[in-house]
Structure formats: C-alpha cells, structure tokens
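The following questions and answers concern the structure shown below. Please read each answer alongside the displayed chain.

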Amino acid sequence: MLTLLFTILMFFVFGKILLFAIRAAWGISKILCTVILLPLILIGMVVIGLVKIALPILLVVGVVAFLLPKLDR
C-alpha cells in the first residue's frame, strides 16, 4: 500500500516538475527567438537585399510590440 502511495506521489511531484520545465523552456525559447533570432533574420534580409520584405515585417512586429503591453491592462 505504501508503495502504491509512493508511486502516485512520485508521478505527481515529477509531473509538476516536468510541466514547470516545459514552461521554462518555452519561455526561454520565446526570448531567444524574439531577442536574437528575429533581429538576425531581419539584418540578414537587409544585407541580402530583401528590404521590401524586411521593412513590413519590422513594422508589423513594431506595432504588435507597441500595442501588446497596452492590451494586458
């Protein structure tokens, strides 16, 4: 009986830890994509000569970044 209780609690505790790890990894990957990957892609597009595509993407991301904090309130 104690083994069954131990097994159930073990799955519960490590399930919570697993969910926390997935949320943390998702948060870190969002930060990496936003802070590092997006600017590198836009700079690469400008260097290659795709300014006509990079500028609208930059404008859309800028408008979303400007309005998003105001939507949280």
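Q: At which residue does α1 bend by about 35 degrees?
A: The bend at a residue is the angle between axes fitted to the seven residues ending there and the seven starting there. For α1, the bend of about 35 degrees lies at Cys33.

Q: How far apart are the end C-alpha atoms of α1?
A: This is a predicted model, in which local features need pLDDT of at least 70, side-chain atom pairs count only at pLDDT 80 or more, and totals for chains, interfaces and linings use all residues. Residues are numbered from 1 along each chain as its sequence is written, and side-chain values use heavy atoms, with hydrogens and water left out. The expected span of a helix is 1.5 Å times one less than its number of residues, so the 47 residues of α1 should span 69 Å, in agreement with an end-to-end C-alpha distance of 65 Å.

Q: Which residue follows α1, and what is its phi?
A: The helix α1 covers residues 2-48. Gly49 comes after α1, and its phi is positive, near 115 degrees.

Q: Is Val13 buried, partly exposed or exposed?
A: Val13 is found in helix α1. Buried means under 20% relative accessible area and exposed over 50%, with partly exposed in between (1.4 Å probe, protein chains only). The relative accessible area of Val13 is 41%, which means that Val13 is partly exposed.

How values were computed:
Helix = DSSP H or I, 4+ residues; strand = E, 2+ residues; numbered from the N terminus.
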